[in-house]
Amino acid sequence: MDKIVVDCQGSLSGKVEISGAKNAALPILMGCLLAETPVTLSNVPHLMDVTTTIQLLASMGVEVEFDERLNIELDASVVTSKEAPYELVTTMRASILVLGPLLGRFGEAKVSLPGGCAIGSRPVDIHIKGMQAMGADIQVEEGYILAKMNGRLQGADISMTPVTVTGTENLLMAAVLAEGTTTLRNAAREPEVTDLAEFLNKMGAKISGLGTSTLVIEGVESLKGVEYSVIPDRIEAGTYLAAAAVAKSKVTVTKVNPEHLGIVLEKFEEAGAEITCTEDTITLDMRDRDLKPVSLVTDPYPLFPTDMQAQFLVMNALADGVSTIQETIFENRFMHVSELARMGADISIEGNTATIRGVKSLKGAPVMATDLRASASLIIAGLVAEGQTVVNRVYHIDRGYELIEEKFHKIGAHIYRTN
Ligand code: UD1
């Protein structure tokens, strides 16, 4: 199994080009199932989860081709299977996102209950209840969700608690072809949800309220293929900026949308960094500055993202003082804490709150990646830990970070892959 080796490196400098957002690309790829003519997507990142999604779509009969610029053309005019099998869903929880489009367009779907990152129970009850409210008959049998609808789904008024990103996306994709109007209340406002809604609207859907917590969808009869470019990955950008902060360096991320990182950038400033933005770049300068502790609570967008929690935890582990991080989205999302403790971090956990007492330095150690963002945080810690850090189980990283070693090399990090 691959490992990533990280050697302690004084400082980083330079630019990192940010890829398309994984969490926008996945629902948009699944959304292609709704179109009766071919869709062409650009800025799709090359990641394990994208490959898994393409395999899943291909297994349903969608024709997938790549052009010379690595744009992806997906032709879902003929869909032969309406099933997402266990083998694929178990490697990627987001596979559940085929449920809405399949049920909406074909009136049937069979989708294995998802697995995915081991960060809590992560149920899909809101997805299921929403589709039932639209009239679908849904049974769970032998680990599979079996969904059926005679005729078109019916528009409904659906309120979702707690706020769920993929739940909102799944119901959005179910509703676009429904008969009548669907209102999704307490909808997730993440930029990736808005990107999906813009993609669907370009295909002919009638969704209003984009970027707000109430989405109103007027059902249409059919959707057509379009060309669409996926938004930049705000979490990937934030991860490289966190690395720069920890390494007390100056790094610029390019091809980003700074507006998507609002509160994250504020927290970097609170940590002592100087942040400068242009329309599509962000520069973080932490040279000759001390890391200050930053307390935070994870919450749905536009508040602080759970997907940046692990990276800020490493910053706090090296800051001068005490901080707390409260994780309100996922239980069990502190698995990186015990690994960081092996590197010398001083962190205690009570319930969903971590208390972090900053230490002067960390020490390299063999550590284990436990989920996608936790893995990134261990690499960041390794960049400044004395000696060598070996991050095991890096398949988690490949699910979400494109060309991570190459990108870190470009800014001067000593990091390589071995097995
Ligand atoms: C998405 C992101 C993930 C991010 C998370 C929160 C993708 C592919 N993944 O995950 O990177 O960390 O949003 O920003 O976009 N819940 C229920 N019932 C449901 C659905 C969710 O109770 O039916 C709960 C979950 O257990 C969790 C909370 O809602 O406590 C939020 O989860 P959700 O937003 O659904 O996360 P994902 O969409 O899986």
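Which residue follows helix H4, and is its phi positive or negative? Glycine 107 comes after H4, and its phi is positive, near 75°. The model is a predicted one.

**Helix H4**
- Of the 8 residues in H4, 7 are buried, so the helix is mostly covered.
- Leu99, Gly100, Pro101, Leu102, Leu103, Gly104 and Arg105 are the buried residues of H4.
- These buried residues pack against H1, strand S7 (108-112), helix H5 (125-133), strand S9 (144-148) and H6.

**H4 against H6**
- Two packed helices are described by the angle between their axes and by the distance between the axes.
- For helix H4 (residues 99-106) and helix H6 (residues 165-175), the angle is about 10° and the axes are 7 Å apart.
- H4 is therefore roughly parallel to H6, as angles under 35 degrees count as roughly parallel.
- The crossing in which H4 passes H6 is right-handed.
- On the H4 side, Leu99, Gly100, Pro101 and Gly104 take part, and they meet Asn170, Met173 and Ala174 of H6.
- The residues of this contact comprise 4 nonpolar, 3 polar and no charged.

**Nonpolar cores**
- The largest nonpolar core holds 79 residues, and Leu41, Phe199 and Leu200 have the most contacts inside it.
- Helix H1 (residues 22-31) gives the most to this core, contributing 6 residues.
- Leaving aside residues up to four places away in sequence, Leu41 touches Ile28, Leu29, Cys32, Asn71, Ile72, Leu74, Phe199 and Tyr228.
- Another core, of 71 residues, lies apart from the largest one and includes Leu318, Leu378, Ile379 and Ile415.

Methods: Residues are numbered from 1 along each chain as its sequence is written. This is a predicted model: local features need pLDDT of at least 70, side-chain atom pairs count only at pLDDT 80 or more; totals for chains, interfaces and linings use all residues. Side-chain values use heavy atoms; hydrogens and water are left out. A nonpolar core is a set of buried Ala, Val, Leu, Ile, Met, Phe, Trp, Tyr and Cys residues joined through side-chain atoms within 4.5 Å. Buried means under 20% relative accessible area, exposed over 50%, partly exposed in between (1.4 Å probe, protein chains only). Helices (H or I, at least four residues) and strands (E, at least two) are DSSP runs, numbered from the N terminus. Contact means heavy atoms within 4.5 Å. Axes are lines fitted to C-alpha atoms, for helices over the stretch in contact, and angles run from 0 to 180 degrees between N-to-C directions. Angles under 35 degrees count as roughly parallel, over 145 as roughly antiparallel, 65 to 115 as roughly perpendicular and the rest as oblique. A crossing is left-handed if the near helix is turned anticlockwise from the far one by less than a right angle, and right-handed if clockwise. Ala, Val, Leu, Ile, Met, Phe, Trp, Tyr, Cys and Pro count as nonpolar, Asp, Glu, Lys and Arg as charged, and the others, Gly among them, as polar.
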